[in-house]
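Please open the model in your viewer and keep the selection tool at hand. The stops below follow one another in order.

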Amino acid sequence: MRKYAIFLIGLLVASSAALALDQINIQFAPQPNTPYFVGQPEFNIDAEEFNTVILKIKSTKSGTARLFWATNFDPQMNQPKSIWFFVDRSNDFKEYSFNLRSQNGYWAGYVGQLLVYPENGPEGIEVGPSQAVVGNLGTNISSGWREFWGPSGRLVIGSTINTMASVNLFGRPITVYLYWLIVLAGLGYGGYLTNKWLAKKTKEPFASLWPQIGQGVVLTILFGWCLLEASNTFNLWQIVQQDARFVGKQIEEKRVLANTGDFYNFILFCQKNIPARARFDQRIPPIYNDIKAIYYLYPRKLSTTEAEYLVVYDQQPEANILRKYSPWQTFRPGALILKRGKS
Amino acid sequence: MIILVVAVPLLLGLLALSALLGGKAGEFSFAEKIALSFMLGLGTLTILMFILGKFGIFLNLSNILIVVALLALVLIVYLVQKRTFCLTVPELKGLSLQGFSRLDWFLLALIALKVVFVLSFALVKPVVDVDAFQFYSIVAKGVFFDGSFTLPYLQQFIGDKPLLPFLTQGWTLVGLGSDNDALIKIFSPLLFTCWLAIFFSALRRYYPRTPSLFFTFLAGTFPFIVYHATTAYADVPVTVYYGTATIYLYLFMKECVLGNRTKAGTLLLVAASLLGISIWTKKAILVLAGINVVVVAVFLLLNRLRLERALWRSIAGSGLIFILFAGPWLVMGQFGTIVNVITGLFGSTPGPVAATTAAAVEQPGNKLELILTIFSRKLFLYADWHLLWALVVASLVFFYRRVFSQPLVFLLAIVVLDLLSLFVQFGSGETFRWLLDGTLFDRLAMNSVPVALLLCAEAILPGFIPGPKGNSPAASSRVSRGNKKGS
């Protein structure tokens with residue numbers, strides 16, 4: 001209880017000190033044997049006041065990164081309390097402004113720690129002294145620009161096959177702004193036409209204005225549609241860049257690239273060693289590699305009861321299964337083929 | 001070998017389309033006929049492979065080609081007797097892009113760019129999407145390695161799904177002579193291209209080139225369809241077959257209203273054949289095809305006094321064509337699927353309630369609110385459809401006179417009923433979980449997108465066509481007939 005009280009008092013003191021400042025400095029440092037940088041603010045950041053974080057990043061490669069934070073409400077680093085952004089290649093430190101309060105509702109309470117996770121690995125990346133600041137017009141524009149052109153809603157991810165999120169601006173789908181534009185354009189054009197109609201001496205029925213207003217609204221929608229398509233073209237360009245690695249490769253090389261780690265090389269190893277019409281069982285961790293193995297190894301057929309071979313990839317088989325099989329061919333430690341019977 | 005894979009359905013389709021259209025082929029544009037031929041040929045090839053497989057005949061290249069050749073021979077004999085073919089030499093000689101404005105060229109270039117993107121993005125990489133691995137492409141490998149899709153081992157992957165995606169991918173591997181799963185996706189981008197060609201041709205029948213091209217450009221922009229056109233999923237085949245079938249169904253109704261009965265009959269034949277093939281694409285289409293049949297039946301009932309006997313013959317012929325294409329699947333396939341779909345639709349056999357459905361949403365009021373929220377968010381706030389649904393709303397609000405008059409009101413009925421069917425499907429059982437976790441809704445909504453865009457085009461375009469002729473379908477039809485060359 002006493003510790004708790006001291007912590008609260010400390011928090012209050014730190015926060016009041018922070019309130020007196022324009023910015024709170026954050027020092028980022030790489031952590032030994034981890035692929036991320038941890039940022040320690042000089043004071044706990046009052047998220048209500050300091051709504052914007054300006055990161056300074058120097059990188060020898062472009063890619064994506066996530067910024068996580070821990071708050072007094074939720075001290076864990078987790079995906080809901082994060083934003084996703086592109087890191088540009090740059091020789092000098094480049095500023096990345098994020099109005100986190102507008103981009104993510106979980107920027108709340110007091111933030112005690114931040115974390116930058118470069119998704120392509122931390123090699124060649126430096127995160128310099130950064131700040132939490134009270135956002136202004138300049139940082140807001142910069143943040144909105146970066147958010148709009150960010151990876152969210154643009155890069156192909158697993159769930160793209162089921163749904164495509166919109167790109168966001170200040171935490172809202174871009175379509176929301178377009179709907180506002182359409183409504184305002186409709187009202188404006190309607191007002192203009194009504195004004196013209198009122199000024200006429202010989203008036204056609206007022207109802208005849210309705211389709212004319214509709215034409216204005218439709219043109220605004222089509223204009224918005226074309227803007228979205230222009231933005232979408234950038235997404236397609238991202239896809240082209242992502243998939244350029246497949247160009248000019250043989251199908252087996254493409255499959256190696258399309259899978260993570262050494263998984264497809266292990267599949268090739270299994271294809272070489274397990275006869276084409278044999279039955280196999282598998283211990284491959286979900287999600288997806290287990291499904292892929294069934295696909296890739298066809299015409300070998302999966303059987304959970306009569307399998308001659310057991311394909312094991314980074315998953316420990318159960319003891320009763322191990323009693324039926326013995327190691328037969330090893331690809332690497334943790335990735336091997338077992339054969340039914342005792343050696 | 002990829003040429004063989006594409007050429008066989010195309011050539012088979014050219015013969016089938018010629019037999020279907022008879023002397024009326026001149027009413028269809030060149031691009032439209034090529035697209036229709038490819039789609040009909042692909043469907044016919046699927047049915048042939050299905051029948052071969054069901055009779056236990058090994059599905060290798062030679063067996064498939066022999067049966068295709070036999071059918072082609074029968075069709076050729078029929079066409080020689082009738083002295084007809086859907087393409088003519090003067091037509092091929094007369095193909096030109098003359099009269100295109102700069103804007104037309106620009107729009108054409110944008111459309112072509114999208115087609116090239118879809119083709120290259122589909123074919124450059126192997127299969128990467130999970131449903132393709134665990135359903136469609138593994139069965140295709142079964143067809144390639146074991147010459148059959150009826151093996152008990154493969155049945156677990158097929159379940160009660162219709163077979164077009166499985167068998168067309170299987171045909172690709174058989175035709176290629178290898179299990180190249182980058183090229184296995186060839187048909188999705190080609191069907192996407194067919195959809196654009198048919199959509200353009202449908203509009204071009206009544207409207208000038210530039211607005212037709214503009215709406216075709218819009219048709220090619222839906223990010224979700226573009227992405228799916230590069231995968232080995234069933235969603236693009238189902239959308240394209242169902243969408244184009246509905247387009248021709250609408251054209252049939254439009255021509256009936258315009259008084260062009262002969263033309264209408266041919267369009268109905270095409271619609272019926274595409275709708276019949278669409279039954280082979282995905283289970284969900286059973287409900288949508290049923291909706292189309294009901295809507296056209298209502299249209300015919302309402303207009304019965306004005307329809308002539310010749311048209312009724314076309315209607316009966318279309319019914320037969322529909323049964324010819326859909327019949328093998330419905331009879332020899334999974335007839336029980338229809339019963340399941342219908343009973344599921346009316347909630348008589350609700351599936352298990354998923355774990356993700358919290359107790360709160362089990363209360364009907366909350367559930368309805370939740371469904372409505374997800375529906376509106378998915379249709380209006382996601383990137384899948386750009387601003388299509390806003391355009392639909394604008395069409396309904398501002399052009400209600402046109403939308404709620406014949407024949408467009410029937411297209412509206414199809415769109416609304418399609419969406420309502422989703423509403424009903426997602427209301428209970430297992431599919432409610434899929435609504436919550438976002439795995440299925442967008443893919444099912446995709447089926448209605450081509451139809452919704454046509455609805456918008458038909459509602460909006462007449463008002464934008466200058467001059468006194470522009471404001472009625474009949475008038476715009478006259479405009480187009482007077483301006484058809486060089487389309």
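How many helices and strands does the secondary structure of chain B hold? The structure is a predicted model, in which local features need pLDDT of at least 70 and side-chain atom pairs count only at pLDDT 80 or more, while totals for chains, interfaces and linings use all residues. Residues are numbered from 1 along each chain as its sequence is written, chains are lettered from A and ligands numbered from 1 in the order in which they are written, and side-chain values use heavy atoms, with hydrogens and water left out.

**Chain B as a whole**

Select chain B: its secondary structure comes to 24 helices and zero strands. Helices here are DSSP runs (H or I, at least four residues), as are strands (E, at least two), and both are numbered from the N terminus. Of the 487 residues of chain B, 59% count as buried, where buried means under 20% relative accessible area, exposed over 50% and partly exposed in between, with a 1.4 Å probe and protein chains only. Chain B exposes about 17900 Å², and carbon and sulfur atoms supply 70% of that area; accessible areas come from the Shrake-Rupley method with a 1.4 Å probe. Among contacts (heavy atoms within 4.5 Å) between residues of chain B at least 6 apart in sequence, 81% join residues at least 24 apart.

**Helices H20 and H23 of chain B**

Next, select residues 408-425 of chain B, helix H20, together with residues 449-464, helix H23. Their axes, which are lines fitted to C-alpha atoms over the stretch in contact, come within 9 Å and cross at roughly 150 degrees. H20(B) is therefore roughly antiparallel to H23(B); angles over 145 degrees count as roughly antiparallel, and those under 35 as roughly parallel. Show the side chains: from H20(B), Leu408(B), Leu411(B), Leu412(B), Ile414(B) and Val415(B) meet residues of H23(B), among them Val451(B), Leu455(B) and Ala459(B). The residues of this contact divide into 10 nonpolar, no polar and one charged. In this scheme Ala, Val, Leu, Ile, Met, Phe, Trp, Tyr, Cys and Pro count as nonpolar, Asp, Glu, Lys and Arg as charged, and the others, Gly among them, as polar.

**Helix H9 of chain B**

Trp195(B), Phe199(B) and Leu203(B) in H9(B) meet Pro450(B), Leu453(B), Leu454(B), Ala457(B) and Glu458(B) in H23(B). This contact comprises seven nonpolar residues, no polar and one charged.

**Two cis peptide bonds**

Move to Pro407(B), in the loop between helix H19 (400-403) and H20 of chain B. The peptide bond from Gln406(B) to Pro407(B) is cis, with omega near 0 degrees. Then select Pro299(A), in the loop between helix H8 (289-297) and strand S13 (301-302) of chain A. The peptide bond from Tyr298(A) to Pro299(A) is cis, with omega near 15 degrees.

**Positive phi in chain A**

Select Asn33(A), in the loop between strand S1 (23-30) and strand S2 (37-41) of chain A. Phi of Asn33(A) is near 60 degrees, a positive value in a residue other than glycine. Is Asn33(A) buried or exposed? At 84% relative accessibility, Asn33(A) counts as exposed.

Finish at Asp314(A), in the loop between strand S14 (309-313) and helix H9 (319-324) of chain A. Although Asp314(A) is not a glycine, its phi is positive, at about 55 degrees. With 45% relative accessibility, Asp314(A) counts as partly exposed.

Key. Axes fitted to C-alpha atoms, helices over the stretch in contact; angles between N-to-C directions. Parallel < 35°, antiparallel > 145°, perpendicular 65-115°, else oblique.
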